[in-house]
2 protein chains.
Amino acid sequence: MAKKYVYSFKEGNKDMRSLLGGKGANLAEMTNLNLNVPNGFTVTTEACNRFYEENEEIWQDLENEIISHLHELESSTGKQFGSTENPLLVSVRSGAVQSMPGMMDTILNLGLNDKSVIGLANKSSNERFAYDSYRRFIQMFSDVAMEIPKAYFDSVLDSVKEENNRDKDTELTADELKEIVEKYKKVYKREMNEDFPQDPITQLKLATKAVFKSWNNQRAKIYRKLNNIDDKLGTAVNIQSMVFGNMGENSGTGVAFSRNPATGDSNVFGEYLMNAQGEDVVAGIRTPKEIHTLKEQMPEVYKEFEDTIKRLESHYKDMQDLEFTIEEGKLFILQTRNGKRTSSAAINIAVDLVNEGLISKEEAIMRVSPDSISQLLHPNFDPEDIKKSTLISKGLAASPGAASGKIYFTSEKAKLAAQNGEKVVIVRQETSPEDIEGMIIAEGILTSRGGMTSHAAVVARGMGKCCVAGASEVKVDEENEVMRVDSREYHTGDIISIDGSTGEIFEGEVKKINPTLSGNFEIFMKWVDEIKRLKIKANADTPQDATQAIEFGADGIGLCRTEHMFFKENRIIAVREMIIAKNIIDRKKALDKIIPFQRDDFYKMFKALNGHSFTIRLLDPPLHEFIPHNEEDIKKLAEELNIDKKVIHDTIIELAEVNPMLGHRGLRLAVTYPEIYRMQVRAIMEAAIKCKKEGISVHPEIMIPLSIDRDELNFVKKEIMEEINMVFEENSEKIDYKVGTMIETPRATILAGEIAKVADFFSYGTNDLTQMTYGFSRDDSGKFINEYIRKGIFEKSPFETLDIKGIGYLIKMCTENGRASNPNIQIGVCGETGGDPQSIKFYNEINLDYVSCSPYRVPIARLAAAQAEIERKK
Amino acid sequence: MAKKYVYSFKEGNKDMRSLLGGKGANLAEMTNLNLNVPNGFTVTTEACNRFYEENEEIWQDLENEIISHLHELESSTGKQFGSTENPLLVSVRSGAVQSMPGMMDTILNLGLNDKSVIGLANKSSNERFAYDSYRRFIQMFSDVAMEIPKAYFDSVLDSVKEENNRDKDTELTADELKEIVEKYKKVYKREMNEDFPQDPITQLKLATKAVFKSWNNQRAKIYRKLNNIDDKLGTAVNIQSMVFGNMGENSGTGVAFSRNPATGDSNVFGEYLMNAQGEDVVAGIRTPKEIHTLKEQMPEVYKEFEDTIKRLESHYKDMQDLEFTIEEGKLFILQTRNGKRTSSAAINIAVDLVNEGLISKEEAIMRVSPDSISQLLHPNFDPEDIKKSTLISKGLAASPGAASGKIYFTSEKAKLAAQNGEKVVIVRQETSPEDIEGMIIAEGILTSRGGMTSHAAVVARGMGKCCVAGASEVKVDEENEVMRVDSREYHTGDIISIDGSTGEIFEGEVKKINPTLSGNFEIFMKWVDEIKRLKIKANADTPQDATQAIEFGADGIGLCRTEHMFFKENRIIAVREMIIAKNIIDRKKALDKIIPFQRDDFYKMFKALNGHSFTIRLLDPPLHEFIPHNEEDIKKLAEELNIDKKVIHDTIIELAEVNPMLGHRGLRLAVTYPEIYRMQVRAIMEAAIKCKKEGISVHPEIMIPLSIDRDELNFVKKEIMEEINMVFEENSEKIDYKVGTMIETPRATILAGEIAKVADFFSYGTNDLTQMTYGFSRDDSGKFINEYIRKGIFEKSPFETLDIKGIGYLIKMCTENGRASNPNIQIGVCGETGGDPQSIKFYNEINLDYVSCSPYRVPIARLAAAQAEIERKK
């Protein structure tokens, strides 16, 4: 039997997402729930993939299968394609497995032609409605399926309106619409070199092809990359008989959420427009009405709507995003899906659903994307500074967050500015899929039109990006790049601040303060901690960062980079003196000047950590990084140290390296100059002893970077332990401590069994490990990694998400061999990937003890670790 | 039972080398062969190692054991330690497992004191002899055991000689010698703050201690490092009753080889001195007589000597190096060992011994050290140029080879000059162990004194270094740094040339020519090829190198670095134009200019190879290496290309990399600019087709450098195969070819299973693989690798000999996984370690198909591969 590529709605259900796409599966599910869903069928994602194999052509068998389902649709609706009596009209919509803005969305009224438009007029007894539908169809089909610029049709429409002195589209008469239809067909012929297709089957074939092709357009590709969606999933095509929200004043269309997608509030939330078709609501051209006003306008319809949306929420056990149409007083459901929401809404809804008994804690945890909660952790505007700031206007609080930046009116200019390091707020009348790339790099988005479900609002919420939408007092003149509020004008480059949680727009930059985790978020994170197995530590070099990390739930510090301490004022001069020293006596003299600073650094860190574990990495970078390289600074340093400039120049030449990343750094410095690490461990232990005497509990873990070998690590370990024992003896006091190493070289991963015998812990430095295993310099590979991604060789940069089959292989082997020879060894990660959810999943699978990441990623990592553990248990 | 640390000669045999040292084991063996060996005993190498554990003290039990063997020696010889009647005197000599110049060698006449000297005088009826022996003993003991400078004693000797108007030492009377003894004892007291030890047991204890300590002196350490001898082996101490070669004119001492150690000629070869002790021969103070003159002088002794040496050669199945003493007409054998020899002698002897039926081909192969044959491969002086050169003088052809360089008279100055890149010939009256470091860096060594067994000659032969010894016409004034021959003078920095195969010394530099392999060497290498399993290919970038490689027995070219071709005149300008090109059109235009050159390069290589396989690595280095960086060259290039200098500066900035070794190079260039590799493969295939049409067989193997991934390699492979197919179509001709990759990144070794599916061969680039696995930049790590070696963390640099436990692990895994997924894959090595014998052993063990190395290392690699295979079969 031949493979089945087309399913009627009755044949599917919600679990067939990967075959029918999200939209198709849900239409089938609702059909089988006996909801009022217009009849139709779905062409599968497998057909899409085969379409690409067939050189982007609809093959004959598929065409036959579609036509046969079309005939079924004709008999079930009693309508005929192209009929002058009772014509069948359909909508054609894409439907990917995961909802994907940027792809071709919808063609309505397909099936209309010069004959069936008469049928529609007859059947509806409304000639104006029929031609209005026809002209909409021609324009939409031309734009969406054939890529004829919309502006060509707009100018026709505008000129007819002007000739006939019509202000609004709704004022156009049937005859005027007929004239528009004729002119639209001419535009089509001019652009396509052939007549507008009159055969409904041809229309359907072209539309289906257009949906398939939209899977691979630039915007869709970018969206997939941004959201880690597999390029090979493909999209389904949904063909559904039309219902009309534009049949008059007792018809309408709307979009609604079963709960508030911005806050998570449990009341139904949505918007609708009477006498309109669906795209009018989303496009933001007319500002729609709030859903609750429908209750007064059409109480029975509202009742049915409210019952339906709540029933669907219970059925799907998640907040629903519903599209509906009212045709002459009758409610039809056109789509349902799990609604996109802000992170705070996601958490509130998840916690509420658990409390309502609809889902388990584990399900709640799986509902929230780890990356999305970063928006909850980022600073808000300081209320004190808000008081001092000038409020420009207020729009809809479309996507929470606080953003300050320079105004840009086009995506292109905004991108350029962002590449130059500027912070950008994109200001537009409304956004469209073409703006996606600009929105990605912007701090925030401000639109003057559109509602809570407009493109800007939906996409911004999806990205976790701050957005104020429909700020109707703000007049945006895109052509002249000026934004006006009353008499005030703001131009490209002017700084504004927007608050996506209140809708407020301010002049200039408003100061920010850190958020606190409370309410449902706190409850949610408590569940997360109950379930996760991995410890989450933080990378922090200052007491401030350490405090923030602990507030965000870190289990101590997994990486403190001591070199950052070397750069601080007052001490960099002594560091440079140490580097320039030509013998051990001068070097020790300089180190003696550094030690009080280091001791104080560590003392403050221990205090901030107040008993949490503290992993300190000893000096890592090559010494030349501390020496100034421009002539002026060299001169200044020579004066400060009272030496000849030549000495500094000589040092620079002596320390210069061809490949510093593979040079004299890490514990190699300590093989050559053991006194540097000795100074550092002395400072650590003296600080620890001081704390202990003050009653502060301390848990120092000394981490030696860049080892390759047991003998090498042991050489350095012996040196530092000798110094530590001297400190203990001098103070008649001891401190429990660990000595471990970073695993950053491929060789260390291979020889882990030996190295583990002299290490209390391993911490993978995935940045260096990736550099060396790939032979990709982090500083230099950006350019060609982009080529690799562009040419489909890489999915993403290995510096962002762990390369599981390559680096992961080494890490797994290293972990197993390390544990085999030292069962008590603690093993974690402190490289960049320690905060990446996908990588955390792997680290949890191979049973690491901890990951360490930047303080702001700690909650994200906690959530990712909990999700990883839930998935592992499945 | 307590461990036995002392063995009498009767208790040992030749297989106890590791316990008794080479010398001790052979003395025991000879004792048991009933040869005339003076009685004695050996303190074991285990005692030496325990000595170091006991804080460098002789522990009581060892002392007791030594004394007990001493008593045995007293009863077996009928002599007593310290006796005034018939005193026992002994020699004390070190004896490592492998013979080791640089260690303490010998103290003779131990046991003499103010009383026993009278005993010796009485017993020998020769007071002069007794006091001569005593003064020699004091000086030797002081110098060797107590490190009192020899010069202090020399000046005493000189002044007494002057006072008494004596020219030679032998003219001194007994009374004068008594005076010298008294004065020597005073020198000793002055330097040591105590009297010269009169107690023979104390003397023996101090001497034993001195031998043990000499194991760890600087010279011995350097020698061990140079010869890969384990620091933990330790040395034995041999204590043997004295016989005297200085008892008058029917006494004497000599050194002889059973065959000629310089040429391998099968006649006995050696030297002796009458009325002398052993050190007189070796030290080169008196020029000794040729051994065959002994036949006339003492025919019976000579007959016994000749029988003995031939018997020992048959017994040991190898050429023997014998020390003997004639005491009043009676022959004593003091030592035998396998003789050191030049490489050509080693080969001649090995082939002769096989022909004489003494050893097997396999044994012959194992007898020749692979590294040593490099001297046979290095150039000799061009006979045509010799004719035109000025012959200064002629000395002994002590160690073959041809060396030109600047004269230096001290080891220190020679070392400094060599560090500055100068070629150096060391010129001295005679060399001593202090000169070892200078000899290591010198091109050649010239001495005015000493014979074929002098220090200079023996050490130079061991090193495979060119040496002319005993050039008696040459007067070397070390103090004034001048060398005189007749009226001519040569000063520091003057260039001379010396021929170690003829003994000739020339003024200035003489041109060299390449050697040919013939005679026994050819026979020997045929045996090698019969046994070896690995194929040996060569790294060669020019037709000349390719021809040389094939002459040296290479199985084709394993690595041709095409970038070297890019640098040639005429084409570098087009290469630079290609790099500066801002778009693909300009780039292709420049590539079109390069292709005729490349085609011609490959055509010539194919012709030179004449059917041998030819592995061509496509462009590897980052493009910035081809662009000039100094202002003058930039200006010139701008003029040549007729562009603004700024364009070049911009290109330099654009291409600059922080870590070029991990940057945009290798096949990464081809991911970005596929047209470069396309140009190269087009040139290869067009050249191959041209050859094919001319009847020359061609086997191109295209090697893609630096892969990390199957998808990446496949991307590049598809590009080049597309181009190759175009060439085939254009020419209506096909060529069999392979496409493989270098394995240089750790990631490639991990993903070998996948990569092997798209590769016909793998070639390990151990240089890059070592760089990345260690994180050691080859350009930068020299400094700290030396620290690692100095501090005992590394034994040697991983860039010289493969790091088997680290890099070797990856290579083994990669090989296994590669073969598992592609059983036909060919796997080899083309990095630096491909020519290193120790590494070759590993490559043979893990069953690689080939190694590739520089043409001059090909015979070395062939021999190493044969030895590896013999060892594996054991």
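What follows is a walk through chain A and then chain B.

Some ground rules: this is a predicted model, where local features need pLDDT of at least 70, side-chain atom pairs count only at pLDDT 80 or more, and totals for chains, interfaces and linings use all residues. Residues are numbered from 1 along each chain as its sequence is written, chains are lettered from A and ligands numbered from 1 in the order in which they are written, and side-chain values use heavy atoms, with hydrogens and water left out.

**Stop 1: two helices in chain A**

Select residues 45–53 of chain A, helix H2, together with residues 200–214, helix H8. Helices (H or I, at least four residues) and strands (E, at least two) are DSSP runs, numbered from the N terminus. How do H2(A) and H8(A) pack? Their angle is about 85°, and their axes are 10 Å apart. The axes are lines fitted to C-alpha atoms, for helices over the stretch in contact, with angles running from 0 to 180 degrees between N-to-C directions. H2(A) and H8(A) are therefore roughly perpendicular, a label for angles of 65 to 115 degrees (under 35 is roughly parallel, over 145 roughly antiparallel, the rest oblique).

Now show the side chains: H2(A) brings Ala47(A), Cys48(A), Phe51(A) and Tyr52(A) to the contact, and H8(A) brings Lys209(A), Phe212(A) and Lys213(A). Contact means heavy atoms within 4.5 Å. Five of these residues are nonpolar, none polar and two charged. Here Ala, Val, Leu, Ile, Met, Phe, Trp, Tyr, Cys and Pro count as nonpolar, Asp, Glu, Lys and Arg as charged, and the others, Gly among them, as polar.

**Stop 2: the annotated site in chain A**

Next, pick the residues under the UniProt "binding site" annotation (unreviewed entry), including Arg561(A), Glu744(A), Gly765(A) and Asp768(A). UniProt positions are in the numbering used here, feature names are shortened, and annotations may be inferred rather than shown by experiment.

Start with Arg561(A) in strand E25. Is Arg561(A) buried or partly exposed? With a relative accessible area of 23%, Arg561(A) is partly exposed; buried means under 20%, exposed over 50%, and partly exposed in between (1.4 Å probe, protein chains only). Among its contacts is Arg617(A), another residue on the UniProt list.

Then centre on Glu744(A), in the loop between strand E28 and helix H30, and buried at 2%. Its side chain has a polar atom 2.7 Å from the backbone nitrogen of Leu706(A). Glu744(A) also touches Gly765(A) and Asp768(A), among others. Gly765(A) sits in the loop between strand E29 and helix H32 and is buried at 6%. Asp768(A) is in helix H32, buried at 9%, and its contacts include Met661(A) and Arg665(A).

**Stop 3: two buried residues in chain B**

Switch to Asp318(B), in the loop between helix H12 and strand E9. Asp318(B) is buried at 3%, and its side chain makes a polar contact with that of Arg367(B) at 3.5 Å. A polar contact is a pair of N or O atoms within 3.5 Å; within protein, one must be able to donate a hydrogen and the other to accept it, and residues adjacent in sequence count only if both atoms are side-chain atoms.

Finish at Ser497(B) in strand E21, buried at 0%. Which backbone atoms does its side chain reach? The side chain of Ser497(B) reaches the backbone oxygen of Gly508(B) at 2.6 Å and the backbone nitrogen of Val510(B) at 3.1 Å.

Terms used: Lists of a residue's contacts leave out its neighbours within four places in sequence.
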